[in-house]
Amino acid sequence: MSSRSNRTVEDSRASVVRLTVPTDANFMGNVFGGVILAEIDRVAYVTAARHSGLNCVTASFDRVDFLAPVRLGQVVTFDSRLTFVGHSSMEILVEVHAEDLLGGPRQMVGTAFVTMVAVGPDGRPTPVRPLALTTDEERRRFQEGEARMNARRATRAGGAHAHAPDGGNQR
Ligand SMILES: CC(C)(COP(=O)(O)OP(=O)(O)OC[C@H]1O[C@@H](n2cnc3c(N)ncnc32)[C@H](O)[C@@H]1OP(=O)(O)O)[C@@H](O)C(=O)NCCC(=O)NCCS
């Protein structure tokens, strides 16, 4: 592993394997989307905490795409890695794959971008170490992540009211 001041994408990669069980079911008999979301949140937390060495909170989820249903009894793997690191924020890509334990192809069933923010004991954002980029692909992903982070910032600068269900006209 690299020194604490120079962490690579590999240093904070995380993977979780989960067997889906009947208590995960939705009314269609497949896995409830919220179960997948919770696991995405957890594995993204592991990556953020590994990189920063700090406690982290989920600031946002965006582009969560469920590409195919997950069937009960399938094994689901959640792989997370850093794509972009800002001052206190970190963007994490989580890829979700499902497979039948008794054989069959491993299928990509979902992807998500999660933003985690490192916080101090007071719950306020705290600076994180920079990310050491080692491949052209990591450098490309970092640039794309920076563009997404700027777009999120611009959306927020439009006002918290832009997120309100009624457009912020509530009194
Ligand atoms: C996330 C949180 C710490 C940000 O605090 P804040 O006072 O808005 O902080 P700032 O405006 O100084 O932003 C700090 C960083 O967070 C980023 N950020 C803030 N809100 C964000 C959002 N909604 N999405 C993505 N990034 C966000 C900023 O871009 C900034 O990044 P940078 O330091 O890399 O430049 C705060 O909003 C919070 O505590 N939210 C609740 C988190 C939580 O409890 N999650 C679990 C839900 S149960």
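This note goes through the model point by point, from the overall fold to the ligand, the salt bridges and the surface.

1. **Basis.** The model is predicted: local features need pLDDT of at least 70, side-chain atom pairs count only at pLDDT 80 or more, and totals for chains, interfaces and linings use all residues. Residues are numbered from 1 along each chain as its sequence is written, and side-chain values use heavy atoms, with hydrogens and water left out.

2. **Fold.** The chain has three helices and seven strands. These are DSSP runs, numbered from the N terminus: helices are H or I with at least four residues, strands are E with at least two. In sequence order the pattern reads β-α-β-α-β-β-β-β-β-α. Of the 171 residues in the chain, 40% are buried. Buried means under 20% relative accessible area, exposed means over 50%, and partly exposed lies in between (1.4 Å probe, protein chains only).

3. **Ligand shell.** There are 14 residues around the ligand, and Thr58, His87, Ser88, Ser89 and Arg156 come nearest. A residue is near a molecule if one of its heavy atoms lies within 4 Å of it. Strand E3 (55–66), strand E6 (107–119) and helix H3 (136–157) each supply at least two residues of this shell. The largest share, four residues, comes from E3. By class, the shell has four nonpolar, seven polar and three charged residues. Here Ala, Val, Leu, Ile, Met, Phe, Trp, Tyr, Cys and Pro count as nonpolar, Asp, Glu, Lys and Arg as charged, and the others, Gly among them, as polar.

4. The side chain of Ser89 places an N or O atom 2.6 Å from an oxygen atom of the ligand. For Arg156, a polar side-chain atom lies 2.8 Å from a ligand oxygen atom. The side chain of Arg124 has an N or O atom 3.0 Å from an oxygen atom of the ligand. Taken alone the ligand exposes 930 Å², and the protein buries 55% of that. Accessible areas come from the Shrake-Rupley method with a 1.4 Å probe; for residues, only the protein chains shown count as cover.

5. **Salt bridges.** A salt bridge is a side-chain nitrogen of Lys or Arg within 4 Å of a carboxyl oxygen of Asp or Glu. By this rule the count is 13. Arg13 pairs with Glu10, with the closest N and O atoms 3.2 Å apart. Arg13 is partly exposed, because its relative accessibility is 34%.

6. Glu39 and Arg42 are three residues apart in helix H2, so about one helical turn separates them. Glu39 counts as buried because its relative accessibility is 9%. Arg18, at 24%, is partly exposed.

7. **Thr20.** Thr20 sits in the loop between E2 and H2. Is Thr20 buried or exposed? At 5% relative accessibility, Thr20 is buried. Its side chain reaches the backbone oxygen of Arg71 at 3.3 Å. A polar atom of the Thr20 side chain also lies 2.9 Å from the backbone nitrogen of Gly73.

8. **Exposed loop positions.** Thr23 lies in the loop between strand E2 (14–19) and helix H2 (33–52). Thr23 is exposed, with a relative accessible area of 73%. Thr23 and Leu72 are 49 residues apart in sequence and 9.2 Å apart in space, C-alpha to C-alpha. Pro121 is in the loop between E6 and strand E7 (131–132). Pro121 is exposed, at 95% relative accessibility.

9. **Nonpolar surface patch.** Leu19, Val21, Leu101 and Leu102 form a nonpolar patch on the surface, with about 440 Å² of accessible area together. Patches are made of residues with over 30% relative accessible area and no salt bridge: like charges are joined within 9 Å, nonpolar side chains (Val, Leu, Ile, Met, Phe, Trp, Tyr) within 5 Å. Leu102 is found in the loop between strand E5 (89–100) and E6. At 89% relative accessibility, Leu102 is exposed.

Terms used
A polar contact is a pair of N or O atoms within 3.5 Å; within protein, one must be able to donate a hydrogen and the other to accept it, and residues adjacent in sequence count only if both atoms are side-chain atoms.
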